[in-house]
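Biologist: Before we discuss any assignments, could you show me the model and then tell me on what grounds each term is applied?

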Amino acid sequence: MGVRSGAAGVFVVLLVAAVAVGPAVGAAGTDCAADGAKKLCFADVSLSTDRLVSGESATLNVTVENRGDVAANATVVLKTASPNNETETFNLREERLEPGESVTVTQRLDASTPGTHGLQAVLYGDSYAHAYDTSAVLTMVVEERGGRLGGPVDTPELALAALVGALAVLGAVVLRQQ
């Protein structure tokens, strides 16, 4: 029953995220709407990882291209939906792009709230007057950091193992010399 209710919860979160942050025009860079001679498109929208442990971070990379015939102002916006279905909007970057020019926007995402998060990038033109492109909804799952044995190995645990190994080798050398 736990797997079914978990899968149902993920489905509800994704559904709410898609509705809350708007419909996707298409996958990154496959279908963007021109505004006269201006045409800005996502060439890539990706996460460095889609699964994190609370306290870790991921990186969102968004590449924007000017596929139009004239310079255009691009505003990259990130819309998020939390596991509690709370939505937020963040302006990531504003940039003027000449025809054929591209820019990559990188944003660090800190994992502090366990659950499934929905993320969607939207590319706007001058003063939000025109939405050029919308990415598909990306999901990032944040798991609680386990305080019990059997979880992922952390850096302090590796350091402790190295210390114990070094002490064992040192003890063996000392005993052998006696």
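**Grounds for the terms**

Modeller: Read along the sequence, the protein chain follows the pattern α-β-β-β-β-β-β-β-β-β-α, which comprises 2 helices and 9 strands. Helices (H or I, at least four residues) and strands (E, at least two) are DSSP runs, numbered from the N terminus. This is a predicted model, in which local features need pLDDT of at least 70 and side-chain atom pairs count only at pLDDT 80 or more, while totals for chains, interfaces and linings use all residues. Residues are numbered from 1 along each chain as its sequence is written, and side-chain values use heavy atoms, with hydrogens and water left out.

Biologist: Why does Ser-54 count as buried?

Modeller: Buried means under 20% relative accessible area, exposed over 50%, and partly exposed in between (1.4 Å probe, protein chains only). Ser-54, in the loop between β2 (51-53) and β3, has 19% relative accessibility and therefore counts as buried. Of the 178 residues of the protein chain, 32% count as buried.

Biologist: What is Ser-54 in contact with, leaving aside its neighbours within four places in sequence?

Modeller: Contact means heavy atoms within 4.5 Å, and with those neighbours set aside Ser-54 is in contact with Ala-111, Ser-112, Val-142, Glu-143, Glu-144 and Arg-145. For the protein chain, residues 24 or more positions apart account for 67% of the contacts with a separation of 6 or more.

Biologist: Is Arg-108 buried or exposed?

Modeller: Arg-108, which is found in strand β6, has 56% relative accessibility, so Arg-108 counts as exposed. Leaving aside its neighbours within four places in sequence, Arg-108 is in contact with Ser-57 and Ala-58. The C-alpha atoms of Arg-108 and Asn-61 are separated by 8.9 Å, although these residues are 47 residues apart along the chain.

Biologist: How do you know which strands pair with β3?

Modeller: Two strands pair if DSSP finds at least two bridges between them. β1 and strand β3 (residues 57-66) pair in the antiparallel sense over 7 bridges, and 9 bridges join β3 to β6, again antiparallel, so by that definition both count as pairs. As bridge partners in β3, Ser-46 has Asn-61 and Phe-42 has Val-64, while Glu-65 stands opposite Ser-102 in β6. In general, strands of a sheet pair through backbone hydrogen bonds, either parallel or antiparallel.

Biologist: What makes β1 and β6 edge strands?

Modeller: The open sheet of 3 strands has the order β1-β3-β6, with antiparallel pairing. β1 (40-47) and β6 stand at the edges, each with a single partner strand, so one side of each is left without a neighbour in the sheet. The twist averages 20° from one strand to the next, where axes are lines fitted to C-alpha atoms, for helices over the stretch in contact, and angles run from 0 to 180 degrees between N-to-C directions.

Biologist: Which residues lie nearest the centre of the largest pocket?

Modeller: On a 1 Å grid over the protein atoms alone, a cavity is a set of points where a 1.4 Å probe fits but cannot get out, whereas a pocket is an open set with protein on both sides within 12 Å along at least five of seven lines, and lining residues have an atom within 4 Å of a point. The largest pocket is lined by 20 residues, of which Thr-80, Glu-88, Phe-90, Asp-110 and His-117 lie nearest its centre. The largest share of that lining, 4 residues, comes from β5.
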